[in-house]
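Hi,

Here is the model I promised to send over.

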Amino acid sequence: MRRVATWALLFVGSFLVVAALVARLWGLPNAEKTPLDTDSDTRLSGEASGLVVLGGSDTPEPVKVQNITKADSERSDDDVIVFVAYTCVAVDEDLPADDYCLEGDDERIVTISEPDVFATDRHTAEAVENGDYVPAGTDQKVGLVNKWPFNVEQKDYEVWDSVLGATVTATFEGREKIEGLDTYKFEYTVTDQPAEIASGVQGSYSTAKVYWIDPTTGAIIKQTQDEQRTTEDGTVALDLNVGYTDETVQANVDAAESNGRTLALLGTWVPLVGGILGVVALLVGALLLIGGGGRRRADSA
């Protein structure tokens, strides 16, 4: 019976140590990658006015924003993920509940983007060289595009601004609780910069964006955006002030907490508990094995 217990301890100890090493050295690095099945539907709400709002409105109108971002798994690989994204803004007048991106020339549409394709590193979230990942002729992105890296640091990051077609510096502004989740707050400001404010239309662009980021996964939990686009003659084309809806924020918090628990399990608890218990089991098993061998030698003498 003692012999069975000894070998059982050695087997269990070896299994736990190997499991701890696999979780830390293989499981965690693979978990700290943007999933290839990413398919997000982010909703924002707020108000907008300007030339493109209901044919020209000086009075702020309530608007809703839908931002669809979906991974293209066929173009992605183990290290790089390819996304297809588009955004639409529409005046909130009897909008469909599931899809704000209306068809045709509906006057409620404020702006609707062409599908934007980009490739990013699955761990750092930084844009990578387009190469064969995206169709030829696609604009090359730089910096962070649609999320922050895993294990976010309390420092400034370069973020891609699609209107400017360049990166801007998002500064770290501190920590803040969002629905009980600890987040890092970042923000950037652009003031009266020349830009293409609509397809083929040049003008002036200003924006102030604030992001609340989950430091573990790099996911954007909450975002606000105050944006102005003005034509070259000074006409306000768009004055937009929106932020994530409460439902979107709560869904993001829930996802971040769930993903955070998985990463903590693989990165801390399985290696720590498995490693300690495994080493203890191996030591006890080894002591029993040594003790049993000594007893047999004594009996034979």
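Let me begin with D116: its relative accessibility is 28%, so it counts as partly exposed (between 20% and 50% relative accessible area, with under 20% buried and over 50% exposed; 1.4 Å probe, protein chains only). This is a predicted model, where local features need pLDDT of at least 70, side-chain atom pairs count only at pLDDT 80 or more, and totals for chains, interfaces and linings use all residues. Residues are numbered from 1 along each chain as its sequence is written, and side-chain values use heavy atoms, leaving out hydrogens and water.

D116 forms a salt bridge with K141 (2.9 Å, N to O); the term means a side-chain nitrogen of Lys or Arg within 4 Å of a carboxyl oxygen of Asp or Glu. K141 is buried, at 6% relative accessible area.

There are eight salt bridges in the whole structure. Another one of them pairs D78 with K33 at 3.0 Å, N to O. Here K33 is buried at 15%, while D78 is partly exposed at 45%. E227 and R229 also meet in a salt bridge, at 2.5 Å, N to O, and both residues are buried.

Cheers
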